[in-house]
Amino acid sequence: MSIPKKIHYCWFGNNPLPQKTINYMESWKKFCPDYEIVKWDESNFDINSCKFVKEAYKEKKWAFVSDYVRFYAMYTEGGIYIETDSELLKPIDELLKYDSFFGLAGDDVTLAMCGTTKGNDIAKAVIDKYNDKSFYQKDGSLNTTSINKEVFDILVDLFDLDTENVSNIQLLGNNNAIFPEKYFFSYDYMTGLFNIHPELYVKHYGDGTWLDSETKKMLEYQHKYVKIFGKTLGVYVGKSIYYLRSKGIFYFVKKVFNSLTHNDN
């Protein structure tokens, strides 16, 4: 069985597609001219069919709705999922030979683009995990755990992903391909920098629609100072200035103290 020539994307909330998304999709058509492109929204997915989705939809957290629906689409129909803020850079036909493919991103996965056959075991494991989840924590706060983290844990715990072998393509179980980060990981949220390699299939522009306003503001500071001081120091300086300006000196000192205490342990 191979992955069908089908591209899935999600767009919930009944808002029109932004022009930049339409522009990105032109690259999908350019490199995949004979692929069916399927839009998933309220018209073809029952948001009440999954508790997590129903609750995320109620909170208008469309990105978290899509976390589940993308795997539902791949599991029930097979195909390739592409984020709406992603531009294809080259043809992807050679990826269809796998039962699934995912890309690593440091100690995580990137889901800007991934694909599975219909009925794939990894997609099923993700769906099952979300079927057992609520979008609300016990204290009433939102369960905004990254799906990237959830998928990475599933690959490690259930499919024996070798985290010490991240520089090579790994085949897990029944022909599930896990690629090194240079194939699918292009945008670093922490630094605001792009990592463009010759092997890269897709450029993810990282709109970060799921991030809260506070996190977005902090990332703006980090990105600004990364340009001045480089990655490591820039992130630290940007985060520090953000806390000082938005939270005050006492909060900043507390954060530094907690960080030092944690590192000592």
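Before you select anything, here is a rule to carry along: rings of Phe, Tyr and Trp (its six-membered ring) pair if their centres lie within 6.5 Å. By this rule, there are 19 aromatic pairs in what is, keep in mind, a predicted model.

Start with Tyr-68 and Tyr-72. Their ring centres lie 6.4 Å apart and their planes are at 25 degrees, so this pair is stacked, since planes under 30 degrees apart count that way. Both residues sit in helix H3, four residues apart, or about one turn of the helix. Buried or exposed? Tyr-68 counts as buried at 6% relative accessibility, while Tyr-72, at 29%, counts as partly exposed.

Next, click on Phe-135 and Tyr-136. The ring centres are again 6.4 Å apart, but here the planes are at 55 degrees, so the pair is tilted. Phe-135 is buried, with a relative accessible area of 0%; Tyr-136 is partly exposed at 26%.

Now go back to H3 and show residues 62-77, together with helix H4, residues 121-131. The two pack at an angle of about 140 degrees, their axes 9 Å apart. That makes H3 oblique to H4, and their crossing is left-handed. Which residues meet there? From H3, pick Asp-67, Tyr-68, Phe-71, Tyr-72 and Tyr-75; from H4, Ala-123, Lys-124, Val-126, Ile-127, Tyr-130 and Asn-131. By class, this contact has eight nonpolar, one polar and two charged residues.

For the last stop, select Tyr-98, Phe-101, Phe-179, Tyr-183, Phe-184 and Tyr-201: together they form one aromatic cluster.

Note on methods:
Residues numbered from 1 in each chain as written. Predicted model: local features only at pLDDT ≥ 70, side-chain atom pairs only at ≥ 80, totals over all residues. Heavy atoms only, no water. Axes fitted to C-alpha atoms, helices over the stretch in contact; angles between N-to-C directions. Parallel < 35°, antiparallel > 145°, perpendicular 65-115°, else oblique. Left-handed = near helix turned anticlockwise from the far one by under 90°. Contact = heavy atoms within 4.5 Å. Nonpolar A, V, L, I, M, F, W, Y, C, P; charged D, E, K, R; others polar. Phe/Tyr/Trp six-rings, centres within 6.5 Å; stacked < 30°, edge-to-face > 60°. Buried < 20%, exposed > 50% of the residue type's maximum accessible area, 1.4 Å probe, protein only.
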